[in-house]
Amino acid sequence: QVQLVESGGGLVQAGASLRLSCVASGIAFSRHVLGWFRQAPGKEREFVAVVGRTGGSTVYADAVKGRFTISRDNAQNTIYLQMNSLKPEDTAVYYCAAGGLLSPSSRRDYWGQGTQVTVSS
């Protein structure tokens, strides 16, 4: 059974930082491209960042470029999203995902249940 479990969300003020984690089980972790997506209330799910199998290649959405950093630890089956200089518009449920291409596409094989990030102004 495949499981992706996110953690690290919370309520912070604008300008603060958070680090999200996602632990995967039941998959050949190092063989998958991994990514983060988010969905704000009333909006469609959108791409945030994706990282290649070795961690050496990344792609970011323009909205988070320079503020967010995606990384992975294949030994720990964990993917991270370091979020700095948070803005109220970053408020959303953040989902990790596995599979698919190193691209902004939302076509992924597996999804986590999401973790809420709320940024107050």
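Visitor: Are Cys22 and Cys96 buried or exposed?
Guide: Cys22 and Cys96 are both buried (under 20% relative accessible area; exposed is over 50%, partly exposed in between, with a 1.4 Å probe and protein chains only). This is a predicted model, where local features need pLDDT of at least 70, side-chain atom pairs count only at pLDDT 80 or more, and totals for chains, interfaces and linings use all residues. Residues are numbered from 1 along each chain as its sequence is written, and side-chain values use heavy atoms, with hydrogens and water left out.

Visitor: What joins Cys22 to Cys96?
Guide: A disulfide, with an S to S distance of 2.0 Å; the term covers cysteine sulfur atoms within 2.5 Å.

Visitor: And where do the two sit in the chain?
Guide: Cys22 is in strand E3 and Cys96 in strand E9, 74 residues apart. Strands (E, at least two residues) are DSSP runs, numbered from the N terminus.

Visitor: New topic. Which residues does Arg38 meet in salt bridges?
Guide: Glu46, at 2.6 Å, and Asp90, at 2.9 Å. A salt bridge puts a side-chain nitrogen of Lys or Arg within 4 Å of a carboxyl oxygen of Asp or Glu.

Visitor: How accessible are Arg38 and Glu46?
Guide: Arg38 counts as buried because its relative accessibility is 5%. Glu46 is partly exposed, at 38%.

Visitor: Which residues form the network of salt bridges?
Guide: Arg38, Glu46, Arg67 and Asp90 are linked in it.

Visitor: What order do the strands of the open sheet take?
Guide: The order is E1-E3-E8-E7, with antiparallel pairing; two strands pair if DSSP finds at least two bridges between them.

Technical notes. Helices (H or I, at least four residues) and strands (E, at least two) are DSSP runs, numbered from the N terminus.
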